[in-house]
Amino acid sequence: MKRNVARLIADRKLLIIIVVLLVILSVADRNFFTPRTFVRLLDHISINGVMAAGMTILLISGSFDLSIGSVMAVTGIIIVLTQQFGMLASVLLGLAAGTAVGALNGVLVVKGKINAFIVTLGSMIIFRGLGLAITNSHPVKGRIAAFQVFSQASPLGIPLPVFYLVAVYAVVWYVLRYTKLGRNDFAIGGNTVSSRLAGIRVDLYTFLYFVACSFMAALAGVILTSRVNTGSAVFGDQTPMLVIAAAVLGGTSLFGGKGTIIGTIQGVLILGLIEKAMVIFNVDTNYQILLRGMIIIAVIVTDTLTARRREGAVAATG
Amino acid sequence: MNIFYEQTMLIILILLIIVMSIASRDFLSFGNLFNVMRQFSVHGILACGMTIVVIGKGMDLSAASILALCAVANVLLQPYGYAVSIAASLAVGAACGLLNGYLIARVKANFIIVTLGTQIVFTGIALIITRGLNMRSRPEPAFHWLGEANILGIPVLGWFLVLIMVVSGILLARSIAGRRLYAVGLNDRAARASGINDARIVLMCYVINGLICGIASVLLTSRLPRIRVGTASDYLFDVITIVVLGGTALSGGVGGIYRTAIGLLIFASINNGMALLHIPFEYQQLVKGIILILAVLYDEFNRRRRLG
């Protein structure tokens, strides 16, 4: 009985954290606990949420991507600068440019056999530099006001980004659970060598996961740009860390082979609620930065210790 | 043929110097050389610490934030005299390194995520202390001397750079701990099996790197009249580029201070050359990014050659 309760708590620990945060916030701010606040919260986390979905796919396969912040920034700049060709064309060009970065990362990792960390660190610097170069280090303002509809229209009183968020999570959930693309993801992350021996085209799939991750980052770039109708090369410089932290908090392992999209959205929600709490409690911006860093370290330490305990348990029983 | 491969970077450096001195008449003047020495001494010192960490198959992405935090400690404590403030910088640096080292070597957490996390933490603390504002960096006159004086016609900063390079070079190449570090970087399991306490060696790497960041922070504050937390954060990618450019392998166990010195000279020549040729700042950033990618490809090429 006691063990069952303990396991129930362990299985639901993210939900419990979310509930605790909600209670704290509702007590601290009388106006917090309303449907409107939830919708605004979801709207707020949509950008990081979409990116975290892509990152989860990549993390499960055992890789990761530090360039997503730059991808987001570059997508926005391209959209704003190509608006003269029409709104739809500019959005497609932006998405294509962002996704192309993922393709480049994927090729370098798969064909060049270079460490994913180094490749994506390099592309993070290069594309941020490229963004600075083409904008002359100044933010660029969009000309088409209608573009803001993408993020600011709210059919049924719910902002469009919330629909994107739900759609992305539904698709990724389905892909991970019911398709070959998803099952191979877990297989490759669990054991690359045996996946290859079992006939999985590891290189092709790893490449696709990089592309998927960048595509999601580009999508987040569309939402962000449409929200502010501005492109800037400095957008998103802390994003990769927060997104990785959200996924790992949700139970996706940095060591690959393990993760769920449901966990990731809970991780994103928790980080979003903490940000919200820092605003409600009027925490100084610099303390917010400190707190964010401490959360990232706490998450990684917990993830490592859990992985080690699991290994220990396997060694003991096997 | 072998010597050609071994010394690729030295040859590139020599070609670079020839090209730059033709492109700009000022490049080889003593005035410019001493300027370059002052400007890149902090880079060079940080690169020594990073080289040690990279040989141990790690990387410290929080190095620039440690630099910032140490610089803040240094400036705050200058009213109590230069001895106190320098000691504080070194202590803060070593403590930051100890935190990184503990999480990486003892807890065995992934070094990339750990140092990215501590990067945010150290920057946050530095921002909280300074409230994000500029600081007058050297109220204490001793630091003016350090930043601006010459000994035997060569800037004091340059002497410091040479001193740190020689000491860390000897530590790596001649000491027992240094040889063990190479063994751990090449194959940590084999090293452990042959009785090396690999966790302690890795821990020491990060502590030494933190200490070196502390030393660099003293030189940074003495070189510039004003600093901001942001000033220090620009150093990270430059330092990684220098180390990789020199040929210290990211896969661990290969490299050394001599290589990093060549990497530093190439990096400094390119940057100084771009400044002398009035290339706009944004393009300089872009060129730096491309150099890092080329350096990484070169590293990969070297790794395959070593594997045969």
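This is a predicted model: local features need pLDDT of at least 70, side-chain atom pairs count only at pLDDT 80 or more; totals for chains, interfaces and linings use all residues.
1. Helix H3 of chain A, residues 35–60, is itself kinked. The kink amounts to about 50° and is centred on Ser46(A).

2. Elsewhere in chain A, helix H4 (residues 68–81) packs against helix H6 (residues 116–135), their axes coming within 8 Å and crossing at roughly 25°. Angles under 35 degrees count as roughly parallel, and H4(A) and H6(A) are therefore roughly parallel to each other. The crossing of H4(A) past H6(A) is left-handed.

3. Which residues make the contact between H4(A) and H6(A)? From H4(A) come Gly69(A), Ser70(A), Val71(A), Ala73(A), Val74(A) and Ile77(A). They meet Ser123(A), Met124(A), Phe127(A), Arg128(A), Leu130(A), Gly131(A), Ile134(A) and Thr135(A) of H6(A). By class, the residues of this contact are eight nonpolar, five polar and one charged.

4. Between the chains, the contact draws 30 residues from chain A and 31 residues from chain B. On the side of chain B that touches chain A, at least two residues come from each of helix H6 (111–130) and helix H15 (281–307) of chain B. H6(B) gives the most to that side, with 13 residues.

5. The composition of the side of chain B that touches chain A is 20 nonpolar, eight polar and three charged residues.

Notes
Residues are numbered from 1 along each chain as its sequence is written. Chains are lettered from A and ligands numbered from 1 in the order in which they are written. Two residues are in contact if their C-beta atoms, placed from the backbone, lie within 7 Å. Helices (H or I, at least four residues) and strands (E, at least two) are DSSP runs, numbered from the N terminus. Ala, Val, Leu, Ile, Met, Phe, Trp, Tyr, Cys and Pro count as nonpolar, Asp, Glu, Lys and Arg as charged, and the others, Gly among them, as polar. Axes are lines fitted to C-alpha atoms, for helices over the stretch in contact, and angles run from 0 to 180 degrees between N-to-C directions. Angles under 35 degrees count as roughly parallel, over 145 as roughly antiparallel, 65 to 115 as roughly perpendicular and the rest as oblique. A crossing is left-handed if the near helix is turned anticlockwise from the far one by less than a right angle, and right-handed if clockwise. The bend at a residue is the angle between axes fitted to the seven residues ending there and the seven starting there.
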